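Good morning, and thank you for coming. Please turn to the sequence and the model on the screen, which I shall now go through.

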Amino acid sequence: MRAVPEGFEEAHRVQQARYPSADVGWQPVHTVYVPADRFSARTVSEWGDQALSLVKAHLADPGALAEVFDVPSGLGAAVHAKVVQKLSAEPVEDLRIDFEDGYGVRPGPVEDEHVAQAVEAVATMHAAGALPRRWGPRVKSFADGDPGRSVRTLDLFVTGVVERAGELPPGFTVTFPKVLMEAYLGHFAEVLEELEAELGVPLRFEMQVEAPQTLHFLRGDLAESLGGRLAAAHFGVFDYTAAIGLPPHEQRLDHPACDHARHVMQTAFAGTGVELSDGSLAASPASDRGPDVHALWRRHAELVRHSLRHGFYQGWDMHPSHLVSRFATVYAFHLARYEAYQERVRAWQEQREAGGGVMDEPATIRTLAAALRRADAALP
């Protein structure tokens, strides 16, 4: 009997640590970005109210929903009911208070004041039980050459919330944009480690993939090298498409260049537990008129479907109208195949033919089961 090759145990240990392949759990279907100077304790409820008003005005019944979002008529009633339910109960799953591009560059004392206002709003929402399941700030990039401002905003924000709320409420994450150098990730992780030691609260972050340079250092051991602090990677469509020189009218989420970037992200982080999120549509309805609202919803739904087909189950929403098209498209995507997926999994478990000429492999069954779990987590 030949001996186990020397070093196998260590390699297998590294594999298990680097690629935990955890079961699919809850992941927000979107991240809502709100500039810090426009954020208040009423922001989430106001977005929900505005989205519901648009539904009542321009999506009055299941038939209208089926027509606008190209949903099979048999699913129209279920999707419509779930969208209304969701907007009424939880219009925002993940909230990011933006101190970067959506906020701009302000004098130091002005940004400090907006941090204080955001802290007060977060504490008020937490006390009222109205804080989304995920929440946190997006700070400025180190690539701009002023890490001090980024670190100060993060420090004031986290310290202020802990002092004002008495704790760091669950679901906190911080978004770190424009990571042009791998070293910046290590620098930011060190900042989080120091802040964590001071406050005694766990801190993780999301990186943004917004430049072609970033793709070069995405790899499976990246999260491991950062001490497990990297929670997610979010794609930034407009910075990325500008960086590679696409003309303005081609700066869109469904451009083939964006598909390539997304596939690199998937390849790099597969099995690591790092969540992936797609980008956004930088548009709102041209007016409150039905045709303009429907046009916006149709375009946003196209992009959301494109993301879902590519295995990106989260994206950014930048306007209350996007909540309607996001939830409608996500729910239709999951419901359309839910029963068929269930039947194929049952057939496999019962060791019988699935029917329809389907010959499932073990990997496909695992994917079907994961899709069902993801649907269960996403559907209200």
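**Spaces and helix contacts**

About 40 Å³ of space lies in the largest cavity. Before I go on, please keep in mind that this is a predicted model. How many cavities of 30 Å³ or more does the structure hold? There is one.

Which residues line the largest cavity? They are Leu-253, Asp-278, Gly-279, Ser-280, Leu-281, His-300, Leu-303, Val-304, Ser-307, Gly-315 and Arg-326. Helix H12, residues 290–309, gives the most to this lining, with four residues. By class, the lining of the largest cavity contains four nonpolar, five polar and two charged residues.

Three elements each supply at least two lining residues: strand E1 (30–35), helix H2 (43–58) and helix H10 (237–243). Which element gives the most to the lining of the second largest pocket? That is H2, with four residues. In the lining of this pocket, ten residues are nonpolar, five are polar and seven are charged.

Lys-82 is found in helix H4, residues 73–89. Along the chain, Lys-82 and Ala-328 are 246 residues apart, yet their C-alpha atoms are separated by 8.1 Å. If we leave aside neighbours within four places in sequence, Lys-82 is in contact with Tyr-331, Leu-335, Leu-379 and Pro-380.

Lys-82 also takes part in the meeting of H4 with H13. The axes of these two helices come within 9 Å and cross at roughly 135°. H4 and H13 are therefore oblique to each other, and the crossing is right-handed. On the H4 side we find Leu-75, Ala-78, Val-79, Lys-82, Val-83, Lys-86 and Leu-87. They meet Leu-323, Val-324, Phe-327, Ala-328, Tyr-331, Ala-332, Leu-335 and Ala-336 in H13. This contact of H4 with H13 has 13 nonpolar and two charged residues, and no polar ones.

Helix H13, residues 320–349, also crosses helix H14, residues 362–378: their axes come within 9 Å, at an angle of roughly 135°. H13 and H14 are therefore oblique to each other. Is this crossing left-handed or right-handed? The crossing of H13 and H14 is left-handed. Among the residues of H13 that make the contact are Tyr-331, Tyr-338 and Trp-348, while H14 contributes residues including Ile-365, Leu-368 and Leu-372. The contact of H13 with H14 divides into 14 nonpolar, three polar and three charged residues.

My last pair is helix H6, residues 147–165, and helix H7, residues 182–199, whose axes come within 11 Å and cross at roughly 25°. Why is H6 described as roughly parallel to H7? Angles under 35 degrees count as roughly parallel, and so H6 is roughly parallel to H7. The crossing of H6 and H7 is right-handed. From H6, the contact uses Ser-150, Val-151, Leu-154, Asp-155, Val-158, Thr-159 and Val-162, and from H7 it uses Phe-188, Val-191, Leu-192, Leu-195 and Leu-199. Nine residues of the contact of H6 with H7 are nonpolar, two are polar and one is charged.

Thank you for your attention.

Notes: Residues are numbered from 1 along each chain as its sequence is written. This is a predicted model: local features need pLDDT of at least 70, side-chain atom pairs count only at pLDDT 80 or more; totals for chains, interfaces and linings use all residues. Side-chain values use heavy atoms; hydrogens and water are left out. Ala, Val, Leu, Ile, Met, Phe, Trp, Tyr, Cys and Pro count as nonpolar, Asp, Glu, Lys and Arg as charged, and the others, Gly among them, as polar. Axes are lines fitted to C-alpha atoms, for helices over the stretch in contact, and angles run from 0 to 180 degrees between N-to-C directions. Angles under 35 degrees count as roughly parallel, over 145 as roughly antiparallel, 65 to 115 as roughly perpendicular and the rest as oblique. A crossing is left-handed if the near helix is turned anticlockwise from the far one by less than a right angle, and right-handed if clockwise. Contact means heavy atoms within 4.5 Å. On a 1 Å grid over the protein atoms alone, a cavity is a set of points where a 1.4 Å probe fits but cannot get out, and a pocket is an open set with protein on both sides within 12 Å along at least five of seven lines; lining residues have an atom within 4 Å of a point. Grid points are joined across faces, edges and corners, and a volume is the space filled by probe spheres set on the points.
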